[in-house]
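I opened this entry to look up the packing inside the model. My notes go strand by strand and core by core.

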Amino acid sequence: MFLESIKIENGEIKNIALHQQRFDETRHFFFPKSPKIELEEVFNDLPSFDKNTIYKLRLIYNSKIHSFQIQPYQPKIIRSLKMIECNQIDYGYKYENRTLLNQLFEQKQDCDDVLIIKNNQITDTSYANIAFFDGKKWYTPKNCLLNGTFKKLLLQKKLIYEQNIFKNELFLFEKAKILNAMLEWEGSEIDIKMII
């Protein structure tokens, strides 16, 4: 089973085209004979939403859509990250099964989340992509675990740039930001000293 987490803000589904692209790519890879499903058509019958509330739409699917849930969303405040090494992790598709990610998250100790290192390269946190600021530009790891929809959008807008970032290069940056479909680019930042 696979998962899409989609933001509903001001009563509108956000970034639907990139969610549709990932949904299609996943289904085409695992279920190549399955008929195309248009997410916009699936969501046509959704109830109206309070425009002052942000919602998370959680879609579970494989060859077909099995379920979706819609709940008000409150972002986590992430101020610190614990670096955890895991060379065997593979999360190239957004699987519903997050067992290994959850096991890594449990190692965060006093930090708010983990920053996963694979083969000495920085990848992602337990639930989001990440970007680093060097004083001039924002860079996101090319060697990520999952190519997130919000990350793709920021790359298209040239607000961030991809490059391989090794664990021992972290000192080159001043601060970091968490990136996922539920967050805003203008959101909170993490001082690089708070990544341990």
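**Packing notes**

I am working from a predicted model. I began with helix α4, residues 149-156. What covers its buried residues? I found α1 (16-30), β8, β9 (138-141), β10 (161-163) and β11 among the covering elements. The buried residues of α4 are T149, F150, K151, K152 and L154. After α4 comes K158, and I noted its positive phi, near 60°.

Next I took β8. I counted 5 of its 5 residues as buried, so the rest of the structure largely encloses this strand. In a regular strand, side chains alternate between the two faces of the sheet. I checked each face of β8 and found both covered. N129, A131 and F133 are buried on one side, I130 and F132 on the other.

Then I looked up the partners of β8. With β11 it pairs antiparallel over 5 bridges. A131 stands opposite K177 of β11. With β9, β8 also runs antiparallel, joined by 2 bridges. Here F132 faces Y139 of β9. The β8-β9 hairpin has 4 residues between its strands, and G135 takes a positive phi near 105°.

I finished with the cores. The largest nonpolar core holds 22 residues. Which members touch the most others? I listed L115, I122, I130, F132, I178 and I195. Two or more residues each come from β5 (81-85), β6 (113-118), β8 (129-133) and β11 (175-179). Another core, of 14 residues, lies apart and includes F23, I37, L59 and Y61.

Key. Residues are numbered from 1 along each chain as its sequence is written. This is a predicted model: local features need pLDDT of at least 70, side-chain atom pairs count only at pLDDT 80 or more; totals for chains, interfaces and linings use all residues. Side-chain values use heavy atoms; hydrogens and water are left out. A nonpolar core is a set of buried Ala, Val, Leu, Ile, Met, Phe, Trp, Tyr and Cys residues joined through side-chain atoms within 4.5 Å. Buried means under 20% relative accessible area, exposed over 50%, partly exposed in between (1.4 Å probe, protein chains only). Contact means heavy atoms within 4.5 Å. Two strands pair if DSSP finds at least two bridges between them.
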